[in-house]
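Here is a short briefing to read alongside your sequence and model. Please keep the structure open as you go through the points.

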Amino acid sequence: MPVTVLLVDDEPLVRAGLRAVLEAQPDIEVAGEAADGAAVVPLVRRLRPDVVAMDVRMPLLDGIEATRALLRTVSDPPRILVVTTFENDEYVYEALRAGADGFLLKRARPAEIVHAVRLIAEGESLLFPASVRRLAAEYGDGGGNRAARAELERARLTDREGEVLRLMARGLSNAEIAARLVVGTETVKSHVSAVLAKLGARDRTQAVITAYESRFVTPG
């Protein structure tokens, strides 16, 4: 089954460019388009895409609020890929904090766009870990976010789960973590699932942001 994508951007040329790049791939299908975040929830309910590729800045409802609305109102929501002009943008970090799974620069090359969509759909790796780390260093609470610290304390991660979280923050995939820890991939999957469940995190990105903001992992 192909990965289905909903494109959300107020610039028709951006949507057309993304559509051309993605539909050139045999395993990706563009399910629909929207010109503003206000249209996301009804379209997702109707089309049930696997991934929403969404501009972070739009005139009526931006990508941050659209992400919040989507995760709040839609059961089994799709993965959310924020599309942005600027990498070091507080809007991007706020979208990730709101629940987006990763971000993509509008100037990205076609191969990078395709890779980002596939990686977000699979959900086994952190997209652009170095960039997420820079965003956390720039816009996260420098003294450690109190809510994030409390969340991590409540989680009571085991030593091995903490080790897995640190490797997740470096962007390692399950297979790479397994090789690093000399364990099986299924064992790593179990640890990752436990980390997400204990932190109440939707995915790796949210778990890693909690790790950075609590200063369990230093983003610098």
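**Lead**

The buried residues of H3 pack against helix H2 (40-47), strand S3 (51-55), S4 and H4. Here, contact means heavy atoms within 4.5 Å, and buried means under 20% relative accessible area, exposed over 50%, and partly exposed in between (1.4 Å probe, protein chains only). Helices (H or I, at least four residues) and strands (E, at least two) are DSSP runs, numbered from the N terminus.

This is a predicted model, in which local features need pLDDT of at least 70 and side-chain atom pairs count only at pLDDT 80 or more, while totals for chains, interfaces and linings use all residues. Residues are numbered from 1 along each chain as its sequence is written, and side-chain values use heavy atoms, with hydrogens and water left out.

**The sheet**

- Five strands make up an open sheet with parallel pairing, in the order S2-S1-S3-S4-S5; two strands pair if DSSP finds at least two bridges between them.
- At the edges sit strand S2 (28-34) and strand S5 (102-105), each of which pairs on one side only.
- From one strand to the next, the twist averages 25 degrees.
- As background, strands of a sheet pair through backbone hydrogen bonds, either parallel or antiparallel.
- S1 and S2 run parallel and are joined by six bridges, with Thr4 opposite Glu29 in S2.
- Strand S4 (residues 79-84) pairs with S5 in the parallel sense over four bridges, and Val83 stands opposite Leu104 in S5.
- Six of the six residues of strand S1 (residues 3-8) are buried, so S1 is largely enclosed by the rest of the structure.
- Both faces of S1 are covered: Val3, Val5 and Leu7 are buried on one side, and Thr4, Leu6 and Val8 on the other.

- Helix H3 spans residues 63-73, and its buried residues are Gly63, Ile64, Ala66, Thr67, Ala69 and Leu70.
- At the start of H3, a side-chain oxygen of Asp62 comes to within 3.0 Å of the backbone nitrogen of Ile64. Such a polar contact is a pair of N or O atoms within 3.5 Å; within protein, one must be able to donate a hydrogen and the other to accept it, and residues adjacent in sequence count only if both atoms are side-chain atoms.
- The H3 and H4 axes come within 9 Å and cross at roughly 5 degrees, which makes H3 roughly parallel to H4.
- Axes are lines fitted to C-alpha atoms, for helices over the stretch in contact, and angles run from 0 to 180 degrees between N-to-C directions. Angles under 35 degrees count as roughly parallel, over 145 as roughly antiparallel, 65 to 115 as roughly perpendicular and the rest as oblique.
- Ile64, Thr67, Arg68 and Leu71 of H3 meet Tyr91, Glu94, Ala95 and Ala98 of H4.
- By class, this contact of H3 with H4 has five nonpolar, one polar and two charged residues. Ala, Val, Leu, Ile, Met, Phe, Trp, Tyr, Cys and Pro count as nonpolar, Asp, Glu, Lys and Arg as charged, and the others, Gly among them, as polar.

**Helix H4 against H11**

- The axes of helix H4 (residues 90-98) and helix H11 (residues 204-213) come within 9 Å and cross at roughly 110 degrees, so H4 is roughly perpendicular to H11.
- In this pairing, Tyr93, Leu96 and Arg97 of H4 meet Thr205, Gln206, Ile209 and Glu213 of H11.
- The contact of H4 with H11 divides into three nonpolar, two polar and two charged residues.

- Asp55 lies in strand S3 and counts as buried, at 4% relative accessibility.
- Its side chain reaches the backbone nitrogen of Arg57 at 3.4 Å, and a polar contact of 3.4 Å joins the side chains of Asp55 and Lys106.
- Beyond its neighbours within four places in sequence, Asp55 is in contact with Val8, Asp9, Asp10, Gly63, Val83 and Lys106.

**Loop residues to look at**

- Most residues other than glycine have a negative phi.
- Asp76, in the loop between H3 and S4, has a positive phi of about 50 degrees although it is not a glycine; Asp76 is exposed, with a relative accessible area of 66%.
- Arg156, in the loop between helix H7 (146-155) and helix H8 (159-169), also has a positive phi of about 50 degrees and is exposed at 68% relative accessibility.
- Pro26, in the loop between helix H1 (12-23) and S2, is exposed at 78% relative accessibility.
- The C-alpha atoms of Pro26 and Pro2 are separated by 7.4 Å, and the two residues are 24 residues apart along the chain.
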